[in-house]
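Hi,

Here is the structure I promised to pass on. My notes on it follow below.

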Amino acid sequence: MTEKAVYFDSSKCTACKGCQVACKTWNNLPSPLGTNEAKWSGTHQNPADLNGDTRLIITFNELEGDSKIKPVKWAFGRRACQHCTDAPCASVCPGGALVRNEETGFVEVYQDKCVGCQYCHSACPFDVPRYESNGLLDKTVIDKCTGCADRVAHGMAPACVSACQPNALQFGDRDEMIAKGKEKVAWLHENGYPDACLYGEHEMGGLHVIQVLKYGIDAHDQVQDPKAPATAQLTQIMKPVTGAISGLTVAGLAAMFGLAIGYKRDKLAYNPETEDTVSVITGDIVQHGDPQDDKTVMEHITENLPIGKKGDK
Ligand code: SF4
Ligand code: SF4
Ligand code: SF4
């Protein structure tokens, strides 16, 4: 099979959110949202962000219009997994829950293998994989767009694509989607949209969501020059060690992040109940934690690391 891609043309999108609904319907994901999640927030974006049972949102950005007749220009965006070729989420996952399909190029999800460590969330430059459900599902695993691997395997387009009436979303061979996008960007340049650009051809080794961004990268809430954070490379190095200490759980894996703050990775484990770091060999506590604070394990760990989101180096 040739590598595939979802194509998104922001200049055709009407922000009807049909794709959001189709994603939830096909993938059996609930939504508790009857009203705008953020009450009166001045935005039509709903929900405000991805979460454990929302794999796709259409983003709404208002730009200043060019006339009294048209005071607002809308820069609609598509926020979901971009299915990176160099996918740091898959590289850091100790359980093998995120796996890049070498045929389609999509990064698939095997929730039965997720150990709940959320390394993938920390590693993703697009802030995509999510753990927290909206409360309707009793989930303790990660969720993100799968590329509708089940549909694609049967020759169908992803559910979101199939629901898009104006053809803003399309699906096909990746090289064809790139060619289509380039043609559209050239047309936009000729017709008064000098900031229009193609996104996804080269980012992260090549994305499998190819986007035409009518008003440029920032206007459509995309990430300039995305990069995997340093911890993604760190955990990649550490992965073989996890096999050597297979008795350790997620907590132990979390302690491995501690290498960056001075822990010796193959000798220490982390107890999420006491928040103590203990020696695997002697059982002694080498660093006391504070279970009274309300920080998560990942917050404890990442606050000590020099990493950032959205392309920070
Ligand atoms: S279904 Fe198509 S037009 Fe509607 S919000 Fe999604 S991409 Fe935009
Ligand atoms: S490809 Fe499937 S899982 Fe991904 S956003 Fe579209 S409908 Fe949702
Ligand atoms: S966008 Fe994030 S979750 Fe999706 S493949 Fe890339 S790194 Fe993984």
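Let's start with Phe-60: it is buried, at 11% relative accessible area (buried means under 20%, exposed over 50%, partly exposed in between, with a 1.4 Å probe and protein chains only). Phe-76 is buried too, with a relative accessible area of 11%, while Trp-74 counts as partly exposed at 31%.

Before you read on: this is a predicted model, where local features need pLDDT of at least 70, side-chain atom pairs count only at pLDDT 80 or more, and totals for chains, interfaces and linings use all residues. Residues are numbered from 1 along each chain as its sequence is written, chains are lettered from A and ligands numbered from 1 in the order written, and side-chain values use heavy atoms, leaving out hydrogens and water.

Back to the rings. The whole structure has five aromatic pairs (centres of Phe, Tyr or six-membered Trp rings within 6.5 Å; planes under 30 degrees apart are stacked, over 60 edge-to-face, the rest tilted). One of them is Phe-60 with Phe-76, edge-to-face at 5.2 Å centre to centre and 75 degrees between the planes. Trp-74 and Phe-76 are stacked because their planes are at 15 degrees, with centres 5.7 Å apart. Phe-60, Trp-74 and Phe-76 form one aromatic cluster.

Two charges also sit over rings (NZ of Lys or CZ of Arg within 6 Å of the ring centre and within 35 degrees of the ring normal): Arg-151 over Trp-26, 4.5 Å from the centre, and Lys-180 over Tyr-7, at 5.9 Å.

Cheers
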